[in-house]
Number of protein chains: 2
Amino acid sequence: MKTIRASIIGFGAVGQGVAEVLLQKDENLKNIGLDIKVVAVADSKGAAIDPNGVDLSKVLIKKRTEGTVGSEKLTGLEVITNIDHELVIETTPTDIDTGGVGLPNMLAAFEHGRDVVTSNKGPLALKYRELAEIAKENGSNFKFEATVGGAMPIINLIRDVLAGNDIISIEGILNGTCNYILTRMMEEQASYEQMLAESQELGIAETDPTYDVEGIDAACKLVILANSIFDMDATYKNVDVTGITKITPESLMLAQDDGFVVKLIGEVKKDLIRVGPRLVPVGHPLAVGGTLNVASVQTDLAGTVTITGRGAGSIETASAIISDVISIYR
Amino acid sequence: MKTIRASIIGFGAVGQGVAEVLLQKDENLKNIGLDIKVVAVADSKGAAIDPNGVDLSKVLIKKRTEGTVGSEKLTGLEVITNIDHELVIETTPTDIDTGGVGLPNMLAAFEHGRDVVTSNKGPLALKYRELAEIAKENGSNFKFEATVGGAMPIINLIRDVLAGNDIISIEGILNGTCNYILTRMMEEQASYEQMLAESQELGIAETDPTYDVEGIDAACKLVILANSIFDMDATYKNVDVTGITKITPESLMLAQDDGFVVKLIGEVKKDLIRVGPRLVPVGHPLAVGGTLNVASVQTDLAGTVTITGRGAGSIETASAIISDVISIYR
């Protein structure tokens with residue numbers, strides 16, 4: 001049995017999802033030889049620390065009843081710097097302008113030789129190269145499947161399962177909110193504004209939907225794929241971005257008459273990163289509806305391999321994090 | 001650099017594809033620290049042996065011009081038994097009644113402590129449990145991604161990328177020939193017989209199409225998934241099988257009017273393995289056309305993840321074999 005001491009930094013939906021999954025899967029993990037002992041949990045207001053293992057059930061209840069995980073006045077960065085552990089699970093919120101607290105958190109983790117598994121897109125969309133290099137210098141593992149497409153496992157699919165293939169391009173639907181709005185506009189012959197309102201009522205779109213509907217979220221995911229799979233040194237500014245706010249139900253109906261659906265497609269290949277609305281033939285593997293995410297990987301040997309899955313959800317994202325954790329230590 | 005001495009046993013389309021890919025990817029493999037040295041190639045008529053590495057270019061030419069790889073009068077089994085090497089790449093033809101030569105080949109490989117990577121369904125559909133146990137007893141690796149769906153990497157997706165998830169069910173289109181015939185019947189409003197004839201002309205269906213169109217091939221793949229993913233002890237006889245030969249264009253048109261397509265769907269979950277025609281809604285991730293294969297994996301954490309890819313082709317199948325090889329030795 002290998003014991004891995006871990007911290008969970010950031011305890012919103014994803015961090016709580018990780019705690020729930022660790023509780024639920026404790027026995028399964030031990031069956032494959034892994035004892036993941038969470039020695040610290042930090043949110044923006046405080047921290048819970050226990051070198052013998054934090055009681056995750058209690059922390060989850062405390063968070064939900066008191067709004068914070070604990071009374072220790074340590075920040076996430078202080079936890080990463082001062083508490084002995086091997087693995088930082090970084091689930092603080094994405095900030096694509098500055099990288100947010102995630103950026104110093106990850107840098108500090110690597111400087112202390114700790115491994116990082118994260119769902120936080122911001123630092124990777126801004127400073128991927130720097131992070132990857134510091135990780136390498138310190139012999140740290142750096143895994144981030146959860147940053148792109150939640151439970152649609154595109155990065156590990158390419159790196160592990162399609163090993164041996166050269167990757168020619170990746171294209172797909174990387175934002176479930178846009179996919180939902182476009183799918184519903186087509187089904188109901190309704191306007192963008194109507195279906196945005198519906199998706200906000202359902203909690204699929206946020207009150208300020210800009211980040212999703214203007215294609216920014218998809219663009220950040222493309223940047224992470226460009227840097228990690230194509231070894232580019234791109235940031236958000238390198239992406240040619242068009243969102244879905246100008247699409248009319250009339251254009252969707254015209255497409256439908258010709259056997260097409262309209263999807264917000266992100267695309268990355270050598271020297272090209274772009275996201276915008278595109279026509280996709282009905283029956284094509286990319287023509288999936290609802291909130292699903294999908295990515296097609298064009299390879300030299302295996303041809304085109306397409307993967308579809310739920311792009312969001314706290315447990316789904318936690319699943320991607322746990323798979324990354326297992327892949328490091330198994 | 002790790003040197004792995006390998007044999008290629010069986011040198012039809014897939015074995016030749018492996019040789020071509022090893023030639024093409026020699027530098028890429030060395031870049032990740034792997035020197036795969038093929039010390040023996042055997043077909044049904046002879047063998048080429050060289051402890052310093054067989055010249056694969058010459059062997060490919062010899063096979064195509066002379067119909068065999070070499071003049072050494074060794075069988076595949078004798079190569080496996082008598083030649084020092086670590087890895088047996090077993091690509092002899094599938095025989096689901098007896099297991100063919102693949103079965104004694106794999107058993108001998110494990111008894112000599114060699115690893116096996118294979119595309120041969122027969123031995124796994126008949127004797128999976130026995131093979132897996134002998135491999136384990138001898139500390140051998142046993143990988144067989146290429147047996148199910150060619151370049152649609154379902155097994156490694158589940159075992160590696162979705163690690164941590166419990167698998168509830170797998171369902172999908174596991175036979176590209178049936179998918180092609182059904183897709184074309186729908187497009188052309190044509191009969192099964194007409195579209196079978198077309199697919200035979202195109203080389204998609206074989207002269208005797210029974211193995212594909214009666215669902216036997218899909219059933220064998222389901223058995224492999226049942227045994228390897230669900231830890232069942234199933235054989236082909238445990239599968240409830242219906243093929244596509246009784247499907248009429250009229251029934252496809254009725255389905256289409258209601259927004260459905262008809263697909264030959266294989267399904268495996270605890271205590272159930274079956275394959276038969278089913279209605280799938282247009283726009284559903286399983287509703288892919290042409291010769292594509294697709295599989296949806298229902299999990300407890302990640303929800304449903306669907307993977308689509310080319311189910312056949314010598315280079316595609318070789319790609320799955322090379323990915324398995326990399327996953328063992330990297």
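## Close-up views of a predicted two-chain model

**View 1. The contact between chain B and chain A.** In this predicted model, 36 residues of chain B are in contact with 36 residues of chain A (contact: C-beta atoms, placed from the backbone, within 7 Å). On the side of chain B that touches chain A, helix 7 (154–161), strand 12 (304–310) and helix 13 (314–329) of chain B each supply at least two residues; helices (H or I, at least four residues) and strands (E, at least two) are DSSP runs, numbered from the N terminus. Helix 13 of chain B gives the largest share of that side, eight residues. Sorted by class, the side of chain B that touches chain A holds 20 nonpolar, 12 polar and four charged residues (nonpolar: Ala, Val, Leu, Ile, Met, Phe, Trp, Tyr, Cys and Pro; charged: Asp, Glu, Lys and Arg; polar: the others, Gly among them). Residues are numbered from 1 along each chain as its sequence is written, and chains are lettered from A and ligands numbered from 1 in the order in which they are written. Because the model is predicted, local features need pLDDT of at least 70 and side-chain atom pairs count only at pLDDT 80 or more, while totals for chains, interfaces and linings use all residues.

**View 2. The axis relating the two chains.** Two copies of a chain are related by a rotation about an axis and a shift along it. Here chain B is superposed on chain A by a rotation of 180° with 0.0 Å of shift along the axis, at an RMSD of 0.0 Å (least squares on the C-alpha atoms of residues with pLDDT of at least 70 in both copies). This is the relation of a two-fold axis. The C-alpha of B:Ile307 is the one in chain B nearest the axis, 2.2 Å from it. The copies meet through the same surface, because 100% of the interface residues of chain B are also interface residues in chain A.

**View 3. The sheet that runs through both chains.** Strand 12 (residues 304–310) of chain A is joined to strand 12 of chain B by three bridges, and the two strands run antiparallel; strands count as paired if DSSP finds at least two bridges between them. In this pairing, A:Thr306 stands opposite B:Thr308. The open sheet has 12 strands with mixed pairing, in the order 8(A)-10(A)-9(A)-7(A)-11(A)-12(A)-12(B)-11(B)-7(B)-9(B)-10(B)-8(B). At its edges stand strand 8 (240–241) of chain A and strand 8 (240–241) of chain B, each with a single partner strand, so one side of each has no neighbour in the sheet. Helix 8 (residues 176–188) of chain B packs on the sheet and touches strand 7 (167–173), strand 9 (260–269) and strand 11 (292–299) of chain B. The direction of helix 8 of chain B makes about 160° with that of strand 9 of chain B (axes are lines fitted to C-alpha atoms, for helices over the stretch in contact; angles run from 0 to 180 degrees between N-to-C directions).

**View 4. Strands 8, 9 and 10 of chain A.** Strand 8 and strand 10 of chain A pair in the parallel sense over two bridges, with A:Arg274 as the bridge partner of A:Asp240. Strand 9 and strand 10 of chain A pair in the antiparallel sense over 10 bridges, and A:Leu264 has A:Pro277 as its bridge partner. Helix 12 (residues 249–257) of chain A lies across strands 9 and 10 of chain A, at about 95° to strand 9.

**View 5. Helix 5 against helix 6 in chain B.** Helix 5 (residues 102–111) and helix 6 (residues 121–137) of chain B pack at an angle of about 10°, with their axes 10 Å apart. The two helices of chain B are therefore roughly parallel to each other (angles under 35 degrees count as roughly parallel, over 145 as roughly antiparallel, 65 to 115 as roughly perpendicular and the rest as oblique). Residues of helix 5 of chain B in this contact include B:Leu103, B:Met106 and B:Phe110, and those of helix 6 of chain B include B:Leu131 and B:Ile134. By class, the contact has eight nonpolar, two polar and two charged residues.

Terms used:
Two residues are in contact if their C-beta atoms, placed from the backbone, lie within 7 Å.
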